[in-house]
Structures are given as structure tokens and as C-alpha cells.
Amino acid sequence: MIATKMFLSWISLLCLCISLQNILCKLTVDATSSLGNPTVVIVGSGIGGTSCAYYLKKILPDANVVILETDSRIGGRIYDVKIDGEVFGIGGYAWAGYHGYIKELVDEMGLDRTDRDFDGEPNFVSPFTFTAWNGTHLIDTREIVKAHEESMEILENGTVDFYVRMEDNYALRGYETFSEMEKFLSYGALGQWPTLESRQYYTNGSVNLELQDLAMAPLQEFINSQGLESHVFSMYTSLSAFMGTGRVVGGNLKLVDALVEAASAEVFLNSTVTTVERLSNGFNVVYQRENEQREMYADYVVIAAPLEATEINFQNFDPPVSKPARDWYAAYSYIVTAEGYNMEYFTEDPDRNVSGFIIGIPGKASGLASITSISMGDLIYYKVTTTRNFTVDIEDMFINPSVRAEHHWDFGHPVLEPHTAGGATYQDVVLSPGLYNIGVMNDVMSQMEGSVIAARNAALLIGKESLNASCSICLIPTIQAKLIIIFTSMWKFILT
Ligand SMILES: Cc1cc2nc3c(=O)[nH]c(=O)nc-3n(C[C@H](O)[C@H](O)[C@H](O)COP(=O)(O)OP(=O)(O)OC[C@H]3O[C@@H](n4cnc5c(N)ncnc54)[C@H](O)[C@@H]3O)c2cc1C
């Protein structure tokens, strides 16, 4: 009898150890762990792909991370150019105060940023200090703001509420992962806003129509390349974009470079992924490089680009991987030097009210999103952002213009239509077991931070899964629960 009890006590202690190990494994998934050395192939080297590589390295230090990039440079929609010794950001440029992870990444990489940490209650800083160009004349938005104080108060309260909810979202998510967008939006109760059209929402909330058309619509055009038909979530990201805005000193590309280095990820440029094929135990990733088709094995694949932009053929998936029916605005960016604005084009002096910043209105016929001007020495540098090719227009807009740099993306910003119940649904975060989708976050926010949130989530999901695989018995919750029950009942028996 004593021998049986001793044997059972050993068995029960073993059960307890396995259960505790499981609990400890789970608790340390956010910190570094040496469990698992999977091969992860990331498609795309934008801020999404590179931050995912970095987070993966933190969670699974022995993981083998490879980034495949179709372009001849890294960064995707982040792009800096150096002209006359000055760095101009002509893609993803600035973050907002509540964009917590990108700021954390910048600090972890030891880079300097232009903003200061935001502390205390969020303050609404009116973003309406620009000149709006409606195609025939210029409007000083500060005058509009003065004329509509009550509406401004409504906007202020709504924007601060959004900001606080975003902060709640960060706090509530913590190290939790989400497999679908609805779960992400449930943190901080953000779910209603991507389902409503901005125009309808603000009109119902008694925001004056003139303020909407002459100030809010141009702002939304500037930030997200669209107007008031977009959803409220995107309008709020535009309204709060100026609250604590910041960027990396020397350009955001520095962050992308630093992330790749910190992740010690292998990056293959000029490498276009054409096929992802599911195998019985992982994936075969087919890519085109130097006119040659190549293949690579992966335990996990992360699509760090708008899925529909990748043109990847997914083979052997059951159910099949479907691409979203989502439209996009193209983005064109130019740096122009000139002697000034051409008054014949603008009919009035664009600098008469608010110098340096003109934003076009929605009305896609125009296509002008914004012009920012900076005087340096004898020259004026203009950063022009548009949704169509503006080379010909630039000739008319400025006196003696010279285009010093230009870049174009077919997939600039997604059309942020409301996701109505029963209508358009979100892309999947987990496209299939082991296949993750960072581009999904574009459905709600077309901002660098959105890609970082999704990248961090994908890395945590892979970390958990990899941990499960390398600790298969102890990490299955039902088995863990059973082990604890066995432990307790055995000790009840031993003690009787
Ligand atoms: C003009 C402009 C201004 C912007 N300004 C701001 C701003 O001020 N603040 C802000 O927060 N956001 C801004 N954004 C949005 C922001 O830049 C993006 O949301 C963010 O950079 C997207 O990062 P990503 O890594 O998810 O995707 P991307 O940067 O698009 O990266 C995807 C990468 O995948 C690659 N790729 C695609 N298909 C394949 C394939 N088959 N094989 C291999 N590689 C592939 C692409 O070449 C690309 O490099 C701006 C965007 C534009 C266009």
C-alpha cells in the first residue's frame, strides 16, 4: 500500500510539473523564449514585414526568418529621398500620439524621434489649420472653425473619445492575440465605427455641413486619399493624426533598416512570390528572382502586403484562400523645387492665409491630396501628394518647376468603405493554419501603426503555435486541465 502511494505521489507530482511548465510557457511567450526554431517566410519588406521579423526574433530567437521583396529596395510604402542634403519623407511619414508600438520600436532601435511622449489627458489639437483648394479658390479652414464652434466641440469630444478607446484597445489587448478583426475591434469597443459612413454619422451628430465639406473632407483626402463616404474609424484616425504627431529623425526608413538588422533576417530583394503551396507539413514558397523560379520551404508564411496586391497563387488549400474584393487609390508623391506658385492656376495667392500647406478636396477629378512647402536657401521645396499622375499639372501649378524626385504606388490607400453587417466582411487574419495576413489591418486603418499592430499579432500567433508544436502535450489546455484533476484526486487518495 505504501509503495503504491509513493508511486502515485511521484506520478501526481509529474502531472503538476507538466501543468506548471505549460503555464510558465504561456506566460513567457511575450518575453524571449528559446523554444522552437521554425522557418518563417515573410512576403514584403514594408514596416509590417520588417516589424514582424523583429517581433519574431524576440519571441523565437532561434527562428529562421526570411523576407522576400519584389522591389529593389526595402520599405514598401515608407520612402525617403535625400535632396540637397535634406531628407524628405514621401510615403508613410508621421505617426499620431496614440500609435504606441511604432514609437516603442523606434526607442528600442535607439533612434531619435521628433515627438515627445504623450502624458496626461489627450488634448484635441485642431488639425484645421490648412488652406483647402476646391479647384477654383482657396479656403482658410481657420475661418470655418471660428464660424462653427459648436460643431468643433462635438468633433473634439468625439476625437478624444476615439483616442481614449484606442488607448484602451492597446491596454486590453496586451499580449493577447486576435484571429479575426472583430476580436481586435472589440477591445476598447471600437467595432461600430468601421460600419458607419462618416457623412451620415457626423450629420446625425449635428456637425455642420460646411465644416464637413470645407475642412473635414480635405483632411480625410490628405490622410487617407478619400472623402466623407469612408468609414468613421478612418475619419477619426485623420482627426487625431495631429495629436502628438512624430517621425524618426532622419526619416522613417531608418526604422525599417534597423528592424531588419535587429531581426537578423535574410532579405531577398527583386524576389516576387508567385505561389504558396500547402504541403503536408508546412509550405512551399515559389518566387521569381533574376528571371529564375526558385523555391523555399517554410513552416509559417506571413503575407505582409495587401493580399490582392501580391497576386500570389495559393495552391492546395482546403478551403481555398480567397482574396478580398477591395479597391485602392493609387498614390503619387513628388518633390518639386520652383520659384513659387503660379497665380494663374490658383487665381489667388496660396500663401495668403496659412502658409505652406494646401489640401485638395475630395472629388476625385482633381486628384490633389496635398502640397506642403518648405523654404530652404533661395529655393522653395514643394512636396506634392496626389492620387493620379500629376506631372503635367505640376508644370501649370508652379513657376519654373523642377521635379527632383517622384514615386508611385498602385496600392496607396484602400477605399475605406463602411463594413455593413451582412455586407463586406473583413479579410481573415489567419488565412489558413500557419498562413498569416498582415494586410488585413488596412481595412480599418491605412497607417503604419496598423501594420505594426498586425505584424506583432502575427508574430505572437506564430510564437504560440510554435510553442504548442514544441511542447505539444503540455500546451493542450484540456490535457493540462486533466493533469491537474489527476494530481488533485491522487493526493486525495494518498492522504486518506
Ligand atoms: C503617399 C503615402 C503617404 C502615407 N503617409 C502616411 C503617414 O504619414 N503616416 C502613416 O502612418 N501612414 C501613412 N501612409 C500609409 C503607410 O505608409 C502604410 O499603411 C504602411 O507603410 C504599410 O506598410 P505595410 O508593410 O503593411 O505594406 P507596404 O508598405 O505596402 O509593404 C508591402 C511590401 O510587399 C511587397 N510585395 C507585394 N507583393 C509581393 C510579392 N508577391 N512578393 C514579394 N513582395 C511583395 C511590396 O513591394 C511592398 O514592399 C502613407 C501611404 C502613402 C502611399
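This passage walks through the fold of one protein chain, from its overall make-up to a few residues worth a second look.

The structure is a predicted model, in which local features need pLDDT of at least 70, side-chain atom pairs count only at pLDDT 80 or more, and totals for chains, interfaces and linings use all residues. Residues are numbered from 1 along each chain as its sequence is written.

The chain holds 15 helices and 21 strands; helices (H or I, at least four residues) and strands (E, at least two) are DSSP runs, numbered from the N terminus. Of its 496 residues, 43% count as buried. Here a residue is buried if 20 or more other C-beta atoms lie within 10 Å of its own, exposed if 12 or fewer, and partly exposed in between, with C-beta atoms placed from the backbone. Two residues are in contact if their C-beta atoms, placed from the backbone, lie within 7 Å. Among contacts between residues at least 6 apart in sequence, 74% join residues at least 24 apart.

The ligand is surrounded by 37 residues, of which Gly44, Gly46, Gly48, Gly76 and Gly92 are the closest. Two or more residues of this shell come from each of helix 2 (47–59), strand 8 (271–279), helix 11 (307–310), strand 13 (328–338), strand 19 (402–414) and helix 14 (448–470). Sorted by class, the shell has 16 nonpolar, 17 polar and 4 charged residues; Ala, Val, Leu, Ile, Met, Phe, Trp, Tyr, Cys and Pro count as nonpolar, Asp, Glu, Lys and Arg as charged, and the others, Gly among them, as polar. Because domain 1 (2–74 + 255–320 + 429–483) and domain 2 (119–243 + 328–414) both give residues to the shell, the ligand lies between them. The domain bounds come from an automatic or database domain assignment.

Helix 5 (residues 149–173) has 25 residues and reaches 36 Å from its first C-alpha to its last, close to the 36 Å expected at 1.5 Å a residue; the expected span is 1.5 Å times one less than the number of residues. Buried residues in helix 5 include Met152, Leu155, Thr159 and Phe162. The buried residues of this helix pack against helix 4 (141–147), helix 8 (209–224) and helix 9 (232–239). Tyr163, also in helix 5, is buried because 23 other C-beta atoms lie within 10 Å. Beyond its neighbours within four places in sequence, Tyr163 is in contact with Tyr98, Pro122, Ser240 and Met243. Tyr163 and Ser240 are 77 residues apart in sequence, yet 7.2 Å apart in space, C-alpha to C-alpha.

Strand 3 (residues 80–83) and strand 4 (residues 86–89) pair in the antiparallel sense over 4 bridges, where pairing requires that DSSP finds at least two bridges. Asp80 stands opposite Gly89. The two strands form a hairpin with 2 residues between them, and Asp84 in the turn has a positive phi of about 50°.

Most residues other than glycine have a negative phi, and most peptide bonds are trans. Ser225, in the loop between helix 8 and helix 9, has a positive phi of about 60° and counts as buried, with 26 C-beta neighbours inside 10 Å. Asn316 has a positive phi near 75° and is partly exposed, with 14 other C-beta atoms within 10 Å. Asn316 is found in the loop between strand 12 and strand 13, and Pro319 has its place in the loop between strand 12 (313–315) and strand 13. The peptide bond from Asp318 to Pro319 is cis, with omega near 5°.

Key
A residue is near a molecule or strand if its C-beta atom, placed from the backbone, lies within 6 Å of it.
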